[in-house]
Amino acid sequence: MIWRIVVALSLWNEAMELFLDAAELDEITRYKDFIDGVTTNPSIMSKYKLSEHDSLIKEICKVVAGPVSVEVISQKYDDMVREGQKISKICANVCVKLPCTLDGLRACRALSIKGIPTNLTLCFSSAQALLAAKCGATYVSPFIGRLDDNGYDGTLLVEEIVEIFYAQGYETKVLAASVRNLQHVIQSALVGASAITMPPMILKQCFQHHLTTLGLERFAEDVQKNK
Ligand code: E4P
């Protein structure tokens, strides 16, 4: 418990960044006032023609000033570095997403040396996160929902990585990803994740509450009574 408080206090001045896990421009525009950035992945981008990807990312970057994560499709080191450099030229705020594999980690090191921001994705263990930090990753993304789906505790992994980075003095930010419910959001905030990304459906659930809806209905009824 004391350890958790120490970690929380050390992160006191750094509010958790909130990213939208989506590429739909209308959704991103709808929520632009409270999102700090966007994350995409090949599945999200597969809804669009490959030839449209760069222009879509440019449009997203016009709407949000913060990091926009775009994932490489290549799986081999040389190709990843080449593709990562290409992606980084789309816009100044693009963050290159790489998988937590040997090639991905090596590519992370190469791109970090060039000053290109990176987001190490598909992270399912603290050991992977440790290597991502060692390679200079800007963000590392533990996948909470997919871990839960497979019988593990996703938020526990987020907590463990936050504590390891604090203990070891790594500046890599822990980005809670694969978020499926409000409990994931709250738990990630409680354990001190630096950032969280969530699909529009979960972001919607963050501001929706049946008692707020009910309260508004009642206020509206009372206003009518006095007319
Ligand atoms: C994160 O960057 C990923 O795009 C995303 O959170 C994956 O979520 P999923 O497991 O719901 O596909």
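Mentor: The barrel

In this predicted model, 8 strands close into a barrel in the order S1-S2-S3-S4-S5-S6-S7-S8, with parallel pairing. Strands (E, at least two residues) and helices (H or I, at least four) are DSSP runs numbered from the N terminus, and two strands pair if DSSP finds at least two bridges between them. From one strand to the next, the twist averages 30°; angles run from 0 to 180 degrees between N-to-C directions, and axes are lines fitted to C-alpha atoms, for helices over the stretch in contact (heavy atoms within 4.5 Å).

Strand S1 (residues 17-21) pairs with strand S8 (residues 195-198) in the parallel sense over 4 bridges. Leu18 has Ile196 in S8 as its bridge partner.

Two helices come next. Helix H5 (residues 77-88) lies across strand S3 (68-71) and strand S4 (94-99), at about 160° to S4. Helix H6 (residues 102-113) lies across S4 and strand S5 (118-123), at about 155° to S4.

Residues are numbered from 1 along each chain as its sequence is written. Local features need pLDDT of at least 70, side-chain atom pairs count only at pLDDT 80 or more, totals for chains, interfaces and linings use all residues, and side-chain values use heavy atoms, leaving out hydrogens and water.
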